[in-house]
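Hello,

Here is the structure I promised to pass on to you. Have a look at it first, and then read on for what turned up in it.

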Amino acid sequence: MTFTLFIDDRCPLCSHEVSLLRQRDPLGRLRFVSIYDDQWHSEFPQVDPARCLQVLHAVNERGQVVTGLDVTVGAWQRVGRGHLVGWLRWPLIRPLADWGYLRFARHRHRVSAWLMGAPRCDGDQCSLPPKSRP
């Protein structure tokens with residue numbers, strides 16, 4: 001079983017991170033499932049689709065639900081880049097990082113508009129490049 005991430009593929013910033021993860025996952029350790037696809041609910045009954053709209057969710061290799069920044073850190077660890085985000089789980093940083101993540105998750109489309117040039121993607125998936133900076 002793979003580490004399955006339930007992603008908002010209508011969010012440009014989220015889709016950009018998924019693209020980066022896919023590039024670094026030649027062994028197929030990660031699986032990405034759109035939160036807007038109704039087909040996955042029967043395969044993952046332990047995951048609440050409504051909560052996936054609010055907070056990043058994943059199911060690990062043992063079938064356990066993982067949420068928030070633990071998903072981000074877990075995904076990057078599985079592609080050999082956990083050192084880039086692992087500090088977000090350090091005891092003194094974790095509460096602040098989790099607080100910040102919840103705010104980001106709530107406003108991810110606004111953040112995407114600012115960083116990526118569009119708040120939402122047209123169609124099923126994003127293929128927007130990062131917004132260039134002057």
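Which residues lie nearest the centre of the largest pocket, and how many residues line that pocket? Before the answer, a word on the source: this is a predicted model, in which local features need pLDDT of at least 70 and side-chain atom pairs count only at pLDDT 80 or more, while totals for chains, interfaces and linings use all residues. Residues are numbered from 1 along each chain as its sequence is written, and side-chain values use heavy atoms, with hydrogens and water left out.

Now the pocket. Its lining has 26 residues, and Glu 17, Leu 56, Thr 72, Tyr 101 and Phe 104 lie nearest the centre. (On a 1 Å grid over the protein atoms alone, a pocket is an open set of points where a 1.4 Å probe fits, with protein on both sides within 12 Å along at least five of seven lines; lining residues have an atom within 4 Å of a point.) Strand 1, helix 1, helix 3 and helix 4 each give two or more residues to this lining, and helix 1 gives the most, with 6 residues. (Helices, H or I with at least four residues, and strands, E with at least two, are DSSP runs numbered from the N terminus.) By type, the lining divides into 20 nonpolar, 3 polar and 3 charged residues. Here Ala, Val, Leu, Ile, Met, Phe, Trp, Tyr, Cys and Pro count as nonpolar, Asp, Glu, Lys and Arg as charged, and the others, Gly among them, as polar.

Next, the core. The largest nonpolar core has 21 residues, and Phe 3, Leu 5, Leu 21, Leu 30 and Phe 32 touch the most other members. (Such a core is a set of buried Ala, Val, Leu, Ile, Met, Phe, Trp, Tyr and Cys residues joined through side-chain atoms within 4.5 Å; buried means under 20% relative accessible area, exposed over 50%, and partly exposed in between, with a 1.4 Å probe and protein chains only.) At least two core residues come from each of strand 1 (3-7), helix 1 (12-23), strand 2 (30-34), helix 3 (69-78) and helix 4 (94-106). Helix 3 supplies the largest share, 5 residues. Apart from this core lies another, of 8 residues, including Phe 6 and Trp 40.

Finally, the charged pairs. There are 7 salt bridges in the structure, each a side-chain nitrogen of Lys or Arg within 4 Å of a carboxyl oxygen of Asp or Glu. Asp 70 and Arg 89 form one of them (2.9 Å, N to O). Asp 70 lies in helix 3 and Arg 89 in the loop between helix 3 and helix 4, so this pair ties together parts 19 residues apart in sequence. Arg 89 counts as buried at 15% relative accessibility, and Asp 70 as partly exposed at 28%. Asp 70 also forms a salt bridge with Arg 94, with the closest N and O atoms 3.1 Å apart. Arg 94 in turn forms one with Asp 98, at 3.8 Å.

Best wishes
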